[in-house]
Amino acid sequence: MTWAEGKRKKPVGRDRATGPASGTIRLATYDNRPELPEVAQVVEQQLEKAGFRVELTVREYSRLESDALDGEFDAFVLARNTLVDTGDPVAVLASDYTCDGGYNIAQLCDENVDRAVAAAERTADDEKRQDAALAAEARILGTDAVVPSSTSGSSPVSPTPCRACSSTRTSAPSSARERGADPCGGRSAPSCGGSCWRPGWCAGSGCCPGSPAPTPR
């Protein structure tokens, strides 16, 4: 949102980070957006490097949404196209991050957030409403219930250099059929980290040998 440039506030009330506790982080995403499983794999690797145990679930969105809304996962990687028709984010803040929100995948319920969002909803003046929305956003980000990622094109993260192919790739094949039953062509591919989709496709840690990398999107 162009009107928010230079006006964003720092997150309010953020707790100090702590070390890993016992148990496993249940991380989930869906493969309707082909870049999201790759993003989730990167998040999984980062969490494991920090000492956490991670259980990653990837399904089609229609088979995942009800579990996500019921709080079956500790973290969820998703894409939200929220401001296609309007520059007013207040309705999205209310639906996604309040106690009674209808799309509260974050499972956030914080009275300070609810008050800040309600204040924005009551504000009619455009400029004051924008300020109130940014104040509510700061409250939400302060809970660390959501970690936003800016987008460029179709990918919510920067493209990963393909070590073996000297190219870049910002998304992955969207289905098991496209990936193929034998993604590495029957070959051992250490540069892929064991997670390549097919020869030449970037898989976060490199590219599988066998063919040139696809043209970056």
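Where in the chain is Asp 144 placed? Asp 144 sits in the loop between H5 and strand S4 (160-162); the views below take up this loop and other parts of the structure.

The model shown throughout is predicted, so that local features need a pLDDT of at least 70 and side-chain atom pairs count only at pLDDT 80 or more, whereas totals for chains, interfaces and linings use all residues. Residues are numbered from 1 along each chain as its sequence is written, and side-chain values use heavy atoms, with hydrogens and water left out.

**View A. Overview of the protein chain.** The protein chain holds 6 helices and 5 strands. Helices (H or I, at least four residues) and strands (E, at least two) are DSSP runs, numbered from the N terminus. Along the sequence, the elements follow the pattern β-α-β-α-β-α-α-α-β-β-α. Of the 217 residues in the protein chain, 35% are buried. The classes are set by relative accessible area: buried is under 20%, exposed is over 50%, and partly exposed lies in between (1.4 Å probe, protein chains only). Contacts are counted between heavy atoms within 4.5 Å. Among contacts between residues at least 6 apart in sequence, 59% join residues at least 24 apart.

View B. Three strands form an open sheet in the order S2-S1-S3, with parallel pairing. Strand S2 (53-59) and strand S3 (75-76) are at the edges; each has a single partner strand, so one side of each is left without a neighbour in the sheet. Two strands pair if DSSP finds at least two bridges between them. Strand S1 (residues 24-30) pairs with S2 in the parallel sense over 7 bridges. Within the sheet, Thr 29 is opposite Val 58 in S2. Helix H1 lies across S1 and S2 and runs at about 165° to S1. For such angles, axes are lines fitted to C-alpha atoms, for helices over the stretch in contact, and the angles run from 0 to 180 degrees between N-to-C directions.

**View C. Glu 55 in strand S2.** Glu 55 belongs to strand S2. Glu 55 is partly exposed, because its relative accessible area is 47%. Leaving aside residues up to four places away in sequence, Glu 55 touches Thr 24, Ile 25, Arg 26 and Leu 27.

**View D. Glu 35 in helix H1.** Helix H1 (residues 35-49) includes Glu 35. With a relative accessible area of 3%, Glu 35 counts as buried. The side chains of Glu 35 and Arg 33 are joined by a polar contact of 2.7 Å. A polar contact is a pair of N or O atoms within 3.5 Å; within protein, one must be able to donate a hydrogen and the other to accept it, and residues adjacent in sequence count only if both atoms are side-chain atoms.

View E. Cys 99 is joined to Cys 109, with an S to S distance of 2.0 Å. The link is right-handed, with 100° about the S-S bond. Both Cys 99 and Cys 109 are in the loop between H3 and H4, 10 residues apart. Cys 99 is partly exposed at 27% relative accessibility, whereas Cys 109 is exposed, with a relative accessible area of 56%. Gln 107 is also placed in the loop between H3 and H4. Phi of Gln 107 is positive, near 60°, in a residue other than glycine. At 39% relative accessibility, Gln 107 is partly exposed.

View F. Helix H5 (residues 126-142) has 17 residues and, at 1.5 Å a residue, should span 24 Å; its end C-alpha atoms are 24 Å apart, which agrees. The expected span is 1.5 Å times one less than the number of residues. At the start of H5, a side-chain oxygen of Asp 125 comes to within 3.3 Å of the backbone nitrogen of Glu 127. Buried residues of H5 include Arg 129, Leu 134, Glu 137, Ile 140 and Leu 141. The buried residues of H5 pack against helix H3 (90-97) and helix H4 (111-122). Asp 144 follows H5 and has a positive phi of about 60° although it is not a glycine. Asp 144 is partly exposed, at 38% relative accessibility.

How values were computed:
A disulfide is a pair of cysteine sulfur atoms within 2.5 Å.
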